Amino acid sequence: MSLSSPCGRSSRVHIGASILAADFACLGPAARAAELGGADSIHIDMMDGHYVPNLTFGFDLLPALRKWTTLPLVAHLELDNPDALIEPLAQAGPDMIVVQEDTCPHLDVTIAHIRSYGIGAGVGVNPDRRLEPVLPYLSQVDLLIIMSVPPGFGGQPFDENVLPKVSLARRHRDEHDLCLHVGLDGGVNEGTIVRAVQAGADYLIMGSAIFQRDGVGTAIARLRERICQSMA
Ligand code: DX5
Ligand code: ZN
């Protein structure tokens, strides 16, 4: 597995294509289009209809997508009691599992469980949650996802109020020399991407901004151009 720019030390910004915004009848081709269009990973939001008011994908999607793309498959668990699902999910072949911190009573145990399968681990923090209690765990994960929308649906507006958490995470990473990507998930698009990158995010998860009418490759090229502008 390569999650590009390991340790977040490269200036390259990782783009995760969230297939929540793709045509559900064509998820394999959508993943392939994202790969050909220049995405760095496929982001798969697994929802349970309880933690969030939406139901999405199950384990079997992972081996199905694997036939269509060589990109890392990142399972984002937006569901209650992820501990019960990590073992069967790990067998389905994700490259990384991301859990929401407020669903894990013992976050360090959950992270260690994910890692015991030899795959990457990440943690997500909702817009209404503080980052400070999560800071001690960041040395144990590969990816921090700051949610910039309430989890559950694509196409929601970007919440600017989370940007200080991105900057705090970047400072913490640099001060402790951590091997960590600082990600943003939700509402990132051509209009908001500059603020996301300037706040310090180096891993952007995008659904609606990528899977759109103009074509995935065109959309990603435009987004990369905006990333370059924001770094100039
Ligand atoms: C929200 C999901 C996001 C979502 C982002 O619950 O975690 O990954 O797909 O979608 P957009 O980019 O459309 O806001
Ligand atoms: Zn997500």
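Gly155 has a relative accessible area of 64%, so it counts as exposed (over 50%; buried means under 20%, and partly exposed lies in between, with a 1.4 Å probe and protein chains only). Gly155 sits in the loop between strand 6 (143-147) and helix 5; helices (H or I, at least four residues) and strands (E, at least two) are DSSP runs, numbered from the N terminus. From Gly155 to Gly207 the C-alpha to C-alpha distance is 7.7 Å, although 52 residues separate the two in sequence.

The model is predicted, so local features need pLDDT of at least 70 and side-chain atom pairs count only at pLDDT 80 or more, while totals for chains, interfaces and linings use all residues. Residues are numbered from 1 along each chain as its sequence is written, chains are lettered from A and ligands numbered from 1 in the order in which they are written, and side-chain values use heavy atoms, with hydrogens and water left out.

Gly155 and Gly207 also belong to the lining of the largest pocket, where they are listed with Gly154, Gly186 and Gly187 as the residues nearest its centre. A pocket here is an open set of points on a 1 Å grid over the protein atoms alone, with protein on both sides within 12 Å along at least five of seven lines; a cavity is a set of points where a 1.4 Å probe fits but cannot get out, and lining residues have an atom within 4 Å of a point. Rolling a probe the size of a water molecule over the atoms shows where empty space is left. The space in the largest pocket comes to about 270 Å³, a volume being the space filled by probe spheres set on the points, with grid points joined across faces, edges and corners.

In total 25 residues line the largest pocket. Twelve of the lining residues are nonpolar, ten are polar and three are charged; Ala, Val, Leu, Ile, Met, Phe, Trp, Tyr, Cys and Pro count as nonpolar, Asp, Glu, Lys and Arg as charged, and the others, Gly among them, as polar. Strand 2 (41-47) and strand 8 (203-206) each contribute at least two residues to this lining.

Next comes the metal site. Which residues of the protein are donors of the zinc ion (ligand 2)? They are His43 through NE2, Asp45 through OD, His76 through ND1 and Asp185 through OD, at 2.1 to 2.3 Å from the ion. Donors are N, O and S atoms within 2.8 Å of the metal (3.2 Å for Na, K and Ca), and sites may look incomplete because water is not among the atoms. The arrangement is octahedral because the six donor atoms around the zinc ion (ligand 2) subtend angles of 69 to 173 degrees. Six donors count as octahedral, and four as square planar, if opposite donors are over 155 degrees apart and all others between 65 and 115; four count as tetrahedral if all angles lie between 85 and 135 degrees, and anything else is irregular.

Along the chain, the donor residues follow the spacing H-x1-D-x30-H-x108-D. His76 in strand 3 (residues 73-78) and Asp185 in strand 7 (residues 181-185) link distant parts of the chain, being 109 residues apart. Both His76 and Asp185 are buried.

Gly191 counts as partly exposed because its relative accessible area is 41%. Its C-alpha lies 9.8 Å from that of Ala209, 18 residues away in sequence.

Asn81, in the loop between strand 3 and helix 3 (86-91), has a positive phi of about 50 degrees without being a glycine. Asp177, in the loop between helix 5 (163-176) and strand 7, likewise has a positive phi of about 50 degrees and is not a glycine. Most residues other than glycine have a negative phi.
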